[in-house]
Amino acid sequence: MIHLVRHGDAAGEDRADPGLSDLGRRQVHALANRLAFRPIRRVLHGPSRRTSETACILTENLGAGAAPSDLLADRTPVPSPERRGDYPTHRWEWFEDVPAAERDIDGTDLTEAWHTLWFAHHDEEIVLVTHAFVIAWFVRQVLNAPPATWMRIGPIDNATLTSIGPNIAGEPVVETFNAEVILPL
Ligand SMILES: O=C(O)[C@H](O)COP(=O)(O)O
């Protein structure tokens, strides 16, 4: 079972690479409680501070090990000029503003990342801490839906759980989607 987790709420101080806010830390502690009885030994996270801090809280509470993975970096699928027709025209302008560092043309890197992660981890229970659009693209990939579908999956909230496991035929199945933790008052 692969548990995809979006990082906890991020603080605004460092806009380029923010860490977690107090709320974000509380969200992730609550998520750790939710996962406490699962046999999770490993947590992989993207290179950003908000994903590594999320992974750190989870590993401290779950007794698991953490490791960074570029496969979980913040990427946004952007259509190549030839594939723009896969998306409704009202979306085209939005793609122009996606920062260069995040642009993943036709989601090629994300698709390969999902295949690599699924192949490597489908038979263990693992947490992958990443970003909203990454999770949306991975879910779209599992459902084998057309490219533009990723923009209608979500919003994926902070510190939520989207769990994908193999069915009896070994195919990936979305078992849980965007499950929120309940914060104590
Ligand atoms: O790639 C994304 O999902 C967006 O850039 C938002 O990222 P975030 O999950 O870090 O807010």
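Q: Which residue's ring has the charged end of Arg-140 sitting over it?
A: A quick note first: this is a predicted model, where local features need pLDDT of at least 70, side-chain atom pairs count only at pLDDT 80 or more, and totals for chains, interfaces and linings use all residues. Residues are numbered from 1 along each chain as its sequence is written, and side-chain values use heavy atoms, leaving out hydrogens and water. A charge sits over a ring if NZ of Lys or CZ of Arg is within 6 Å of the ring centre and within 35 degrees of the ring normal. The charged end of Arg-140 is 4.0 Å from the centre of a ring that belongs to Trp-137.

Q: How are the rings of Tyr-87 and Phe-95 arranged?
A: Rings of Phe, Tyr and Trp (its six-membered ring) pair if their centres lie within 6.5 Å; planes under 30 degrees apart are stacked, over 60 edge-to-face, and the rest tilted. By this rule there are seven aromatic pairs. For Tyr-87 and Phe-95 the centres are 5.0 Å apart and the planes at 80°, so the pair is edge-to-face.

Q: Are Tyr-87 and Phe-95 buried or exposed?
A: Ring pairs link both into a cluster with Trp-94, Phe-133 and Trp-150. Buried means under 20% relative accessible area, exposed over 50%, and partly exposed in between (1.4 Å probe, protein chains only). By that scale, Tyr-87 and Phe-95 are each buried.

Q: Which residue of β8 stands opposite Ser-163?
A: Strand β7 (residues 161–166) pairs antiparallel with β1 (residues 2–6) over four bridges, and there His-3 stands opposite Ser-163. Five bridges join β7 to β8, again antiparallel. In β8, the residue opposite Ser-163 is Thr-176.

Q: Is Cys-56 buried or partly exposed?
A: Cys-56 belongs to helix α2 (residues 49–62), whose buried residues include Ala-55 and Ile-57. The covering of those buried residues includes β1, α1, β2, β3 and β6 (126–130). With 38% relative accessibility, Cys-56 itself counts as partly exposed.

Q: Which residues does Gln-27 contact, leaving aside its neighbours within four places in sequence?
A: Gln-27 is part of helix α1 (residues 22–35), and at 12% relative accessibility it counts as buried. Contact means heavy atoms within 4.5 Å. With those neighbours set aside, Gln-27 is in contact with Gly-8, Asp-9, Asn-158, Ala-159, Val-181 and Leu-183.

Note on methods:
Helix = DSSP H or I, 4+ residues; strand = E, 2+ residues; numbered from the N terminus. Pairing = 2+ DSSP bridges.
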